[in-house]
Amino acid sequence: MNEKTRVLIVDDDKVFCKLLEKGLTRLDYDTETASSGTEALGARQTPDIILLDMRLGEESGLGLIPELLACFQGAKIIIVTGYANLATAVSAVKKGATNYVAKPINARDIHGVIQECLAGAEDGEPQAAQIPDESPSLKRLEWEHIHRVLLENDGNISRTAQQLGMHRRTLQRKLKKHAP
């Protein structure tokens, strides 16, 4: 690398951000971190790669993809999430993400994904989303279904609850739980 690849890490988990930033800096990347969409859009330099968490507190990383692509033209977005499932992977790619990887992941693994992403950009070939292979539990399937329906309803809790045939408060309680 003649010029360091600029990586913007957008994640509300400060510990994960710091560890990833430190690891990628050791691997000769120029890194910057942000813990919200507003911070990410105000980055001090234009990134080549954006590592974007799908859940940023109350914000949706998926909803940020078009804004980030408009703000940082030419940047490649890699969704890094602990909530990996096929529906969100497809949605992320449709919105413009280049790749999609599941947490837990370390700097070395991210380095490999970034290199694939940059090589794919040179080749003009799209990258395939990396989804875990293991069969999900029944609780995980329910969680994914709820999030898929919520995504189809653009985050509208009332419509989602009605479609799922459950009370709004029940849905909100289920949404506050982390992925099984």
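Me: At what angle do the axes of helix α7 and helix α8 cross?
Reply: The model discussed here is a predicted one. Helix α7 covers residues 157–164 and helix α8 covers residues 168–176. Their axes come within 9 Å, and the crossing angle is roughly 105°.

Me: How are α7 and α8 oriented to each other?
Reply: Angles of 65 to 115 degrees count as roughly perpendicular. The axes of α7 and α8 cross at roughly 105°. The two helices α7 and α8 are therefore roughly perpendicular.

Me: Which residues of α7 and α8 make the contact, and how many of the contact residues are charged?
Reply: From α7 come Ile157, Ser158, Thr160, Ala161 and Leu164, while α8 contributes Arg168, Leu171, Gln172 and Leu175. By class, the contact of α7 with α8 has 5 nonpolar and 3 polar residues, and the number of charged residues is 1.

Me: How are α6 and α7 oriented to each other?
Reply: The axes of α6 and α7 come within 9 Å and cross at roughly 130°. The crossing of these two helices is right-handed. Roughly perpendicular applies to 65 to 115 degrees and roughly antiparallel to angles over 145. The relation of α6 and α7 is therefore oblique.

Me: Which residues of α7 meet α6?
Reply: On the side of α6, the residues are His145, Ile146, Val149 and Leu150. The contact of α6 with α7 divides into 5 nonpolar, 3 polar and no charged residues. The residues of α7 that meet α6 are Ile157, Thr160, Gln163 and Leu164.

Me: How are α3 and α4 oriented to each other?
Reply: The axes of α3 and α4 come within 9 Å and cross at roughly 15°. Angles under 35 degrees count as roughly parallel. The helices α3 and α4 are therefore roughly parallel.

Me: What is the hand of the crossing of α3 and α4, and which residues of α4 make the contact?
Reply: The helix α3 passes α4 in a right-handed crossing. In α3 the contact residues are Leu62, Ile65 and Leu69. The contact of α3 with α4 has 4 nonpolar, 2 polar and 1 charged residues. On the α4 side, the contact is made by Thr88, Ser91, Ala92 and Lys95.

Me: Which residues of α4 are buried, and what covers them?
Reply: The buried residues of α4 are Ala87, Thr88, Ala89, Ser91 and Ala92. What covers these buried residues includes α3, β6, β7 (99–102) and α6 (138–152).

Me: How far apart in space are Lys76 and Ile50?
Reply: Lys76 is found in strand β6. Among the residues that Ile50 touches are Leu8, Val10, Leu68 and Lys76. Lys76 and Ile50 are 26 residues apart in sequence, whereas in space their distance, C-alpha to C-alpha, is 6.1 Å.

Me: Is Lys76 buried or partly exposed, and what is its relative accessibility?
Reply: Buried means under 20% relative accessible area, and exposed means over 50%. Lys76 therefore counts as partly exposed, with a relative accessibility of 25%.

Me: Is Thr81 buried or exposed?
Reply: Thr81 lies in strand β6. Residues touched by Thr81 include Asp53, Met54, Tyr100 and Val101. Because its relative accessibility is 0%, Thr81 counts as buried.

Me: What is phi of Asp28?
Reply: Asp28 lies in the loop between α1 (14–26) and β2 (30–34). Asp28 is partly exposed, with a relative accessible area of 36%. Most residues other than glycine have a negative phi. For Asp28, phi has a positive value, near 75°.

Me: What percentage of the residues in the protein is buried?
Reply: The protein has 8 helices and 7 strands. Of its 180 residues, the buried ones make up 42%.

Conventions:
Residues are numbered from 1 along each chain as its sequence is written. This is a predicted model: local features need pLDDT of at least 70, side-chain atom pairs count only at pLDDT 80 or more; totals for chains, interfaces and linings use all residues. Side-chain values use heavy atoms; hydrogens and water are left out. Axes are lines fitted to C-alpha atoms, for helices over the stretch in contact, and angles run from 0 to 180 degrees between N-to-C directions. Helices (H or I, at least four residues) and strands (E, at least two) are DSSP runs, numbered from the N terminus. Contact means heavy atoms within 4.5 Å. Ala, Val, Leu, Ile, Met, Phe, Trp, Tyr, Cys and Pro count as nonpolar, Asp, Glu, Lys and Arg as charged, and the others, Gly among them, as polar. Buried means under 20% relative accessible area, exposed over 50%, partly exposed in between (1.4 Å probe, protein chains only). A crossing is left-handed if the near helix is turned anticlockwise from the far one by less than a right angle, and right-handed if clockwise. Lists of a residue's contacts leave out its neighbours within four places in sequence.
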